[in-house]
Amino acid sequence: MGSGAGFNAYLIRSSDAPFYAVGTIRKLDGKWGVAITKSHYQDHRSKRFGGQGGGNNSLEADEAIGERGIVRYATLDEYKAHPGFANEGETHTRTDKSISLFPNWDYKDNAWGMSIDMNSCTGCNACIVSCYAENNIPIVGKQQVRVGRNMQWLRIDTYFEGDLAAPRAHLQPMACQHCENAPCEQVCPVGATVHTPEGLNAMVYNRCVGTRYCSNNCPYKVRRFNFLLYADYETESLKLMRNPDVTVRSRGVMEKCSYCVQRIAAAKIEADKENRPVGDGEIVTACQQACPASAITFGNINDRQSKVAKLQADERSYQVLADLNTRPRTKYVAAVLNLNSELERAPAEDKPAKG
Amino acid sequence: MATSELKDNPRIDPATGEYSVIAPGQTFGSVTEKITRIVLTPHTPQGWFALFGVAGCAATMLLMAIIWLFLKGVGIWGITQPGAWGFAIINFVWWIGIGHAGTLISAILLLFKQRWRNSISRFAEAMTIFAVVCAGMFPLIHMGRPWLGYWLFPYPSTMTVWPQFRSPLMWDVFAVSTYATISVVFWYVGMLPDFGTMRDRSKSKIAQQFYGIVSLGWRGSARHWMRYETASLLLAGLATPLVLSVHTVISFDFAVAMLPGWHTTIFPPYFVAGAIYSGFAMVLTLAIPLRKFYHLEGLITERHIDNMGKVMLATGFIVAYGYGMEVFMSWYSASHWEAFMMWNRMFGPMGWSYWVLVTCNLAIPLTTLWSRKLRTSIPFMFCLSIVVNAGMWFERFVIVVTSLYRDFLPSSWGTYRATKWDYMIYVGTLGLFTALFLLFVRLLPMIPMSEIRTMLTGAKIMPKKAAEAGD
Amino acid sequence: MMPREGTYGLLAEFDTPGDLIRAARQAHEDGWRRMDCYTPYPVEEAAEAIGFHRNKVPLVTLIGGIVGLLTMFLFETWVSVRAYPLNIGGRPLYSWPAFIVPAYEFTILFAGLAAAIGMLALNGMPALYHPLFNAPNFRDGATTDKFFLCLEAADPKFDLAQAKAYLAGFQPLSVVEVEY
């Protein structure tokens, strides 16, 4: 899969001139396909249908930051005026556990949860790389990525707000939210995805027959399906690379972030051996471990003193798509931007192309 | 209706101005002879062979595509994240929907004592069974690991695990298997008397033995007829809620999910009406060539075509109401999810499919089916039936694909493009259906003779004086 | 099964349903009980004429339906609550609204199968052999366009010569003696 991909930069980079090259640039005919993992459309809708009317904005950002309340942020002044901005207002709904047609399930002991700080996330992708390494996630190649079948369990959703000539980027790492009212679990006909007593949405690879209904019903679309045999079972050196604590998935099976259940289990075994509860900070997920900005925090939300419980109780913390009542265990700390008013937004010099 | 038409056309009953249900002048003997001759003749028409050859090629293509699918995986199709369901589910719903008209004609019209349904009920029911055969393979082949498909059935496994009954796909398993079973049972029971006729009239040893066995010794005893009639009525009465429930359960595949565009309570009636709409279109697509080729114009008359057109008009309006409600609710609900979904469905990158849908399903049929002249025009109705079938396929395409590819999180928006394997499998199922239907036409009596006999003038019980006066 | 020898009965052939019904009614009035009518399509009056009223098929169907409903619903409940209870998306273990759907389908399945199989069983089918098939005119007409009345030898009133004359009185197309 790796052979034949990319271009040899050493054709223009020599040891005499390792950092610059002199030459001419010529426009070629035809098109070159670029593999991206996000959709980028311009918002051509009129104001009546929710657009800006101009066509210079990103459709995805207009939707995510506007009515959907997926990305919530405030400037410093706005925060000072409304500290509870992340959970106030019609588009900033929060989960109400008292509203339910049936009794809430009780989670008494450990209740695993995660907090992701959107202030700190720089979009460096280290979390994604570490997740790949930890969980034996397969590489699918450029052609499959172009169809949309990349296997990232954790992705960084990027929304470009404002005029596309000088947008503001919002970064949101998105992985399985381990919803208490998981919509994926209800629709699996064979029961391959179930809820553990500690609140993890468990994916049982052995039981999955691959109907993909769970992926359709997941509003966060964090479930990844092995459409073809992506895992390489043949190459010997890859066998050394893999994490022996995690199954290597074959074709036809659904997979997703597991809150590094292998690390949770390892910590619980150690705690059990020593006859004590699992302490805060003992379980570090792969993404948490790799993040240079410590944006990801993981732990037991039933333990009020744990870091994650305190972060989740913060007034800036919110759940994505809370109005769907999925009751996710991952909360996001909304960003507060401290902008320098003297730095103006760059004027639009080039209009983005139509598309 | 112009009086000149009344005078000229012997098939129009002058008293009512309607086409007669069966052409006059037929007797028990002539009806029996006409229908059994198609099956019992040793000479298969060349046209049958030609069409069977084409259908067989398409069915072979289906087989090859499925083998490649099992070898490589569902990735050979166009499905992806977020559009993880594509042609397979669209075709599944389309075929099951088509099947529903057969049951409606056999069962519901029987309960409503609509005698015109007698000539078409048998092959409509056959259409149902073959449509369910074509539909039933899709839930199996669309799985990532189809060799484990038996896990969807509740059986005591060594791991003591059971299926999960809250899932609509589980409900599908029960609904479709019940539908298939009851359809076959109803169809077979309906054919018992005719198998008796075939047994008594066939000349070759093989035919006699075959029909002898399947007729189970039917001899027309009055007592047997009474129990038979009761069983038929009961089966019809059971098949009616079955038809309504099966497509409701199929609609639950979508309605129980959270996606905007899927999660809506209009789906059960909308799907059932749509199923009947497309099913009647398929019955027309089959009936018109059949009556032409086998000279059955006396038994399948313009009245049938007319009535089927009326049913399509009615169900087409229910479908139109469903579409209208979706649009209305996307505004009235003040739900941003719904509003965006509707805008995207109409004006997004896949918006073209919505307008094809509206044209084929609403614009063309609902404006033309009002006209009696067009409803009884055989060429027009044939073309219209194809248009409605295509339109109903697009309806499922719009529902499945446009709701999936742009849902809640804009970061996960994608697209959908079908591959050649998707098309091969779809065309292949059309070939399989045609091949099975041709086999049915050749080997089994396609019009229920015993029911037609009840409609002939010879079946009227005359008082003794009148009978003697006639002698 | 009783040993079968000799005459099964006498078979009268009619051209119209009206003739058959008149003959059957008369025979029933005259005390004949072991008899049957054979028609190529259901003639309700013929069944009434020979005194056939009760029909057990609806009861069989009802029992089948109830068995199907209870079986499926209780099975689903047992699986979800007792056999292998799982937390599925926080939903209650006893999710009776969801369980109704497969139970409804099974009600219809069992009821339909009971109706069909019950009807066949009550009719004594499959019965690939029957003495009447020995009569050539029966095979030519019963399933096409003729109407038959058969007076069986098992009836106490049966006497070959007398019954023949009795049937001839109805002016049938033919009267045939049927052997076992």
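## A walk through chains A, B and C

B:Gly391 touches B:Leu357, B:Cys360 and B:Asn361, leaving aside residues up to four places away in sequence; two residues are in contact if their C-beta atoms, placed from the backbone, lie within 7 Å. This is a predicted model, in which local features need pLDDT of at least 70 and side-chain atom pairs count only at pLDDT 80 or more, while totals for chains, interfaces and linings use all residues. Residues are numbered from 1 along each chain as its sequence is written, and chains are lettered from A and ligands numbered from 1 in the order in which they are written.

B:Gly391 belongs to helix 14 (residues 378-405) of chain B. Helices (H or I, at least four residues) and strands (E, at least two) are DSSP runs, numbered from the N terminus. B:Gly391 is buried, with 25 other C-beta atoms within 10 Å. A residue counts as buried if 20 or more other C-beta atoms lie within 10 Å of its own, as exposed if 12 or fewer do, and as partly exposed in between, with C-beta atoms placed from the backbone. From B:Gly391 to B:Trp352 the distance is 13 Å in space, C-alpha to C-alpha, and 39 residues in sequence.

Chain B as a whole has 17 helices and zero strands. Its C-alpha trace spans about 85 × 60 × 40 Å along the principal axes. The radius of gyration of chain B is 24 Å, which agrees with the value near 23 Å that a compact globule of 471 residues would have. That radius is taken over C-alpha atoms, and the globule rule is 2.2 Å times the number of residues to the power 0.38. Of the 471 residues in chain B, 54% are buried. Among the contacts in chain B between residues at least 6 apart in sequence, 80% join residues at least 24 apart.

Chain C is built from six helices and four strands, which follow one another from the N terminus as β-α-β-α-α-α-α-β-α-β. Chain C has a radius of gyration of 25 Å, well over the 16 Å that the globule rule gives for 180 residues, so it is more spread out than a compact globule. The C-alpha atoms of chain C fill a box of roughly 80 × 35 × 30 Å, taken along the principal axes. The domain assignment divides chain C into domain 1 (7-54 + 131-179) and domain 2 (57-122); such bounds come from an automatic or database domain assignment. Between the C-alpha centres of domain 1 and domain 2 of chain C there are 45 Å. In chain C, 46% of the 180 residues are buried. Of the contacts in chain C with a separation of 6 or more, 79% are between residues 24 or more positions apart.

Chains B and C meet in a contact that takes 60 residues from chain C and 56 residues from chain B. On the side of chain C that touches chain B, the elements giving two or more residues include helix 1 (17-29), helix 3 (57-83) and helix 4 (96-122) of chain C. Helix 4 of chain C gives the most, with 17 residues. By type, this side of chain C divides into 39 nonpolar, twelve polar and nine charged residues. Here Ala, Val, Leu, Ile, Met, Phe, Trp, Tyr, Cys and Pro count as nonpolar, Asp, Glu, Lys and Arg as charged, and the others, Gly among them, as polar.

The largest nonpolar core has 266 residues, and those with the most contacts inside it include B:Met127, B:Val283, C:Ala24 and C:Phe148. A nonpolar core is a set of buried Ala, Val, Leu, Ile, Met, Phe, Trp, Tyr and Cys residues joined through C-beta atoms within 7 Å. B:Val283 touches B:Ala101, B:Ile105, B:Ile120, B:Ala124, B:Met127 and B:Met308, not counting residues up to four places away in sequence.

Chain A also touches chain C, in a contact of twelve residues from chain A and seven residues from chain C. Helix 5 of chain A brings the largest share of the chain A side, three residues. Elsewhere in chain A, four strands form an open sheet in the order 9-2-11-10, with mixed pairing. Strand 9 (296-300) and strand 10 (317-318) of chain A stand at the edges, each with a single partner strand, so one side of each is left without a neighbour in the sheet. Strand 2 (residues 112-117) and strand 11 (residues 330-333) of chain A pair in the parallel sense over four bridges; two strands pair if DSSP finds at least two bridges between them. In strand 11 of chain A, A:Val333 stands opposite A:Asp117.
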